[in-house]
Amino acid sequence: LQLQLIPYTATNSFCDQLYLYFPEDDRLYSSSASMTLDRFSRMTQFEQTPAEDLAGLLRTADRLTVLPAQRVVSNLIDGADSRMVGFILPLGASPARSKGSVFFLIKESVYRDMFADAIDTDLNTYIRMGDQVIASAEDLPLSPADMETAPDGEYSRVFSRNNDSWLSVSRPGRSWGMRYDTVLRMADVRAAIRSSLGQLLLFLMSLLLVSVLLILWVARHHAKPIEAISGLLAPEDDTRKDELTRISTGIRHLTRANSELSSRLDESLPMQRHDFVLRFFKGRFASPADTAGAAGRLGSGIREQAFSPT
């Protein structure tokens with residue numbers, strides 16, 4: 001059993017001590033030692049839990065039992081004087097079939113690291129199990145007894161103590177009926193809100209300034225060619241006006257000349273003969289007589305007999 005506990009104890013960074021208790025031999029086992037429950041109770045002194053009570057809890061635990069954070073003095077903990085939270089958890093498929101219990105200790109400093117918050121202000125944080133405070137981190141002159149938690153179904157509540165307003169925020173845990181409570185001054189909350197709004201306003205003003213500068217740059221970039229075109233079309237300049245008039249007149253003359261040239265080409269004899277050949281090969285004539293007539297008008301010596309079926 002000790003060999004099985006060594007790898008877990010070596011790699012575990014959450015709990016400080018881990019023990020297994022079996023009622024059959026009334027002994028506790030760890031990765032480094034085994035001892036009777038009475039001897040363990042004498043070697044480990046809990047500030048708020050007498051040795052007899054601890055032994056009784058280990059022998060009769062039928063559900064999760066938590067010992068709130070308290071000063072623990074023990075040679076098994078490097079002889080240090082530390083505030084620790086104790087957990088007793090029965091082992092077995094059911095309380096009636098319990099084979100023993102696991103008992104582990106967690107330093108309260110571990111919870112303090114978990115309580116670190118992004119809010120740069122003083123606050124009190126608690127882990128509660130029912131009405132019992134398991135661990136806490138306190139920066140404010142406010143005791144857990146002065147705190148008013150939010151009623152069921154709500155997460156926050158504002159209350160008054162010592163001529164000051166406080167905000168209580170509660171969140172339920174995932175298991176074992178635990179709850180996480182935080183208390184901070186309403187004045188600090190309002191200051192944080194004002195600071196956030198100020199930062200947001202500065203950001204929006206900066207964004208507006210950048211947008212205005214971008215619009216001005218785009219307007220100036222596209223204004224130059226527009227001004228150049230406007231200058232060319234300015235009505236007060238008679239020379240430019242005459243040039244535009246001559247250009248317009250020239251375009252009209254060129255269009256008229258192209259139309260006359262197209263009409264002359266359509267009326268020319270070679271073009272008409274070319275058109276007759278295309279129509280002839282495409283079978284556009286209704287009868288040989290129509291074909292011969294069209295050929296005669298073009299001066300072609302095509303006879304009607306050449307198109308007869310015989």
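Is Ser-170 buried or exposed? Ser-170 is buried, because its relative accessibility is 4% and buried means under 20%. This is a predicted model. The chain has 310 residues, and 26% of them are buried. Eight helices and 12 strands run through the chain.

**The chain as a whole**

- The accessible surface of the chain comes to about 21100 Å². Carbon and sulfur atoms hold 55% of that surface.

**Ser-170**

- Ser-170 belongs to strand S11, which covers residues 164-172.
- The side chain of Ser-170 makes a polar contact with the side chain of Asp-181. The distance is 2.8 Å.

**The largest pocket**

- Rolling a probe the size of a water molecule over the atoms shows where empty space is left.
- The largest pocket holds about 290 Å³ of space.
- Its lining is made of 16 residues. Nearest the centre of the pocket are Phe-87, Ser-175, Trp-176, Met-178 and Tyr-180.
- Which elements each supply at least two residues of the lining? They are strand S6 (81-91), strand S7 (100-107), helix H4 (108-114) and strand S12 (178-185).
- The lining has 13 nonpolar residues, two polar ones and one charged one.

**Phe-104**

- Phe-104 sits in strand S7. Strand S7 is one of the elements that supply at least two residues of the pocket lining.
- Leaving aside residues up to four places away in sequence, Phe-104 touches Cys-15, Gln-17, Leu-18, Val-85, Gly-86 and Phe-87. Phe-87 is also among the residues nearest the centre of the largest pocket.
- From C-alpha to C-alpha, Phe-104 and Met-84 are 9.8 Å apart. In sequence they are 20 residues apart.

**Arg-63**

- Where is Arg-63 found? Arg-63 is in the loop between helix H3 (51-60) and strand S5 (65-74).
- Arg-63 has a relative accessible area of 58%, so it counts as exposed, the cut-off being over 50%.
- Arg-63 touches Ile-88 and Pro-90, with residues up to four places away in sequence not counted.
- The C-alpha atoms of Arg-63 and Ile-88 are separated by 8.0 Å. Along the chain, Arg-63 and Ile-88 are 25 residues apart.
- A polar contact of 3.4 Å links the side chain of Arg-63 to that of Asp-62.

**Asp-26**

- Asp-26 is placed in the loop between strand S1 (17-22) and strand S2 (27-29).
- Most residues other than glycine have a negative phi. Asp-26 is not a glycine, yet its phi is positive, at about 55°.
- The relative accessible area of Asp-26 is 22%, which makes this residue partly exposed.

**Ala-294**

- Ala-294 is part of helix H8, residues 288-297.
- Why does Ala-294 count as buried? Its relative accessible area is 9%, and buried means under 20%.
- Ala-294 touches Phe-276 and Phe-285, not counting residues up to four places away in sequence.
- Ala-294 and Arg-273 lie 9.5 Å apart in space, C-alpha to C-alpha. Their separation in sequence is 21 residues.

Technical notes
Residues are numbered from 1 along each chain as its sequence is written. This is a predicted model: local features need pLDDT of at least 70, side-chain atom pairs count only at pLDDT 80 or more; totals for chains, interfaces and linings use all residues. Side-chain values use heavy atoms; hydrogens and water are left out. Helices (H or I, at least four residues) and strands (E, at least two) are DSSP runs, numbered from the N terminus. Buried means under 20% relative accessible area, exposed over 50%, partly exposed in between (1.4 Å probe, protein chains only). A polar contact is a pair of N or O atoms within 3.5 Å; within protein, one must be able to donate a hydrogen and the other to accept it, and residues adjacent in sequence count only if both atoms are side-chain atoms. On a 1 Å grid over the protein atoms alone, a cavity is a set of points where a 1.4 Å probe fits but cannot get out, and a pocket is an open set with protein on both sides within 12 Å along at least five of seven lines; lining residues have an atom within 4 Å of a point. Grid points are joined across faces, edges and corners, and a volume is the space filled by probe spheres set on the points. Ala, Val, Leu, Ile, Met, Phe, Trp, Tyr, Cys and Pro count as nonpolar, Asp, Glu, Lys and Arg as charged, and the others, Gly among them, as polar. Accessible areas come from the Shrake-Rupley method with a 1.4 Å probe; for residues, only the protein chains shown count as cover. Contact means heavy atoms within 4.5 Å.
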